[in-house]
Amino acid sequence: MDELLAIKMRPQKLSEVIGQEHLIGEGKILTNLVKNKKIFSMILYGKPGIGKTSIAMAIVSELNVKYRMLNAVINNKKDFDTVVNEAKMYNGLVLIMDEIHRLNKDKQDLLLPVLESGIITLIGMTTSNPYHSINPAIRSRCQLFELKDLSKKDILKAIDLVIKKDVLSNLKIDEDAKEYIANISKNDLRYAYNLIEVAYYATDDCHITTDKLINISNKPNLFHDKNQDGYYDLLSAFQKSIRGSDVHASVYYLARLILGGELESICRRMAVIVYEDIGLANPQMGPKVMSAIDSALMLGLPEARIPLSAVVIEMALSPKSNSAESAIDSALSLIETADTGNVPSHLKNPSNEYKYPHNYKNSYVKQQYLPDNIKDIKLYHPKDNKNEMILKEIMNRLEK
């Protein structure tokens, strides 16, 4: 079977890698390691299609070292045993491992001693954040290198390279088609190569136009996997945009999540945001958001986008306060770290000393509610917004 274009275009040297100028180039760390004929165990992490495998293969190619490739999920313990035995036989080899964040304990136990001894040099690859997802024992034996997103300029450079190398005979791509490929690929070079290859073989004249590309793929390639960082990055950006009162970014990230079909995730996150970030600054937003969530879940997508958009815009432009979250977190921390004491005796049931507020004017009577050890502590600190200034005035009046 003929190799895929993405494999045919795989660089043989680091200097041929597209992008990643912070790691590759004159005076850069990976280039210098290869130049000095020395390599250490490393983990390359970043989004799909930005060059992790290309860099790993270029390194072993330039160094001309023995290597094996494994996948932490697909390959079993026997495969790992085989690689370890080969490494001992050859007195060392490079192991290129994909999806290293999914390495189970049995395989880790097998790998750790040979990493420690240097018999195996590991080049691990993952789309996950290694600081969160990779076993610390593995991580501590590796250098971590983050790969950056490819730019549109990088993708266009790679497209021109496909044409220049004549990897696909007589390939022609219109300039606006190149722009379309670069835009729809969303930094994923592998996706761009695959789209070019499908379009090439779907034509009868080797000529790729925008119209032909639209017939093949008219949706952007969004990095959106619940098991990977991209999904959580979007939810995080969505919340932070609302918290930061950027209405345009809030609607943009809402749209990204809607395109991913994440209706339930959107609703759950909005329910958190309205109380965590808006809270007492605009308490009316709570019921509004819950009502919009109910409507969205009842309607389903695509109609759900309408109530969601309306309420997200209002959330972004609403005054913000995290005083309620800060108050409960302070209380929880206090209970966990200090001897707060017991419930006052007059609050215990039954008690003859308890003063029933409804028997007093304005249903208020001064008495101690907190335990003796913390009777003077203040946990709620109002923020400077219209609604909480009212609450602050009431609180001060009651305390006096």
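Residues are numbered from 1 along each chain as its sequence is written, and side-chain values rest on heavy atoms, with hydrogens and water left out. As the model is predicted, local features need pLDDT of at least 70 and side-chain atom pairs count only at pLDDT 80 or more, while totals for chains, interfaces and linings use all residues.

The mean pLDDT of the protein, where pLDDT is the predictor's confidence in each residue from 0 to 100, is 89, and 96% of the residues reach 70 or more. Helices (H or I, at least four residues) and strands (E, at least two) are DSSP runs, numbered from the N terminus.

The table sets out two helices, with the expected span taken as 1.5 Å times one less than the number of residues.

| Helix | Residues | Number of residues | Span, first to last C-alpha | Expected span |
|---|---|---|---|---|
| α4 | 77-90 | 14 residues | 20 Å | 20 Å |
| α17 | 323-337 | 15 residues | 21 Å | 21 Å |

In helix α4, the buried residues are Phe 80, Val 83, Val 84, Glu 86 and Ala 87, where buried means under 20% relative accessible area, exposed over 50%, and partly exposed in between (1.4 Å probe, protein chains only). These residues lie on the same side of α4 because they cover an arc of only 160° around the axis, the arc being that of the directions from the helix axis to the C-beta atoms. On the other side of α4, Lys 78, Lys 88 and Met 89 are exposed. The buried residues of α4 pack against β2 (67-71), β3 (93-98), α5 (105-117) and β4 (120-126). At the start of the helix, a side-chain oxygen of Asn 76 comes to within 3.1 Å of the backbone nitrogen of Lys 78, and just after α4, Asn 91 takes a positive phi of about 60°.

Helix α17 buries Ser 323, Ala 327, Ala 331 and Leu 334. Seen down the axis of α17, the buried residues fall within an arc of 80°, so they line one face of the helix. An α-helix has 3.6 residues a turn, so residues three or four places apart point the same way. The face of α17 turned away from the buried side carries the exposed residues Glu 336 and Thr 337, and what covers the buried residues includes α18 (386-399). In the loop between α17 and α18 lies Asn 385, which is buried, with a relative accessible area of 9%. Leaving aside neighbours within four places in sequence, Asn 385 is in contact (heavy atoms within 4.5 Å) with Leu 280, Ala 281, Lys 320 and Ser 321.

A nonpolar core is a set of buried Ala, Val, Leu, Ile, Met, Phe, Trp, Tyr and Cys residues joined through side-chain atoms within 4.5 Å. The largest has 51 residues, and Ile 59 and Ile 123 are among those that touch the most other members. Beyond its neighbours within four places in sequence, Ile 59 is in contact with Leu 14, Val 34, Ile 39, Met 42 and Ile 123. Apart from this core lies another, of 24 residues, including Ile 266 and Val 311.

Arg 141, in the loop between α7 (136-139) and β5 (143-146), counts as partly exposed at 32% relative accessibility. The side chain of Arg 141 makes a polar contact with the side chain of Glu 116 (2.7 Å); such a contact is a pair of N or O atoms within 3.5 Å, of which, within protein, one must be able to donate a hydrogen and the other to accept it, and residues adjacent in sequence count only if both atoms are side-chain atoms.
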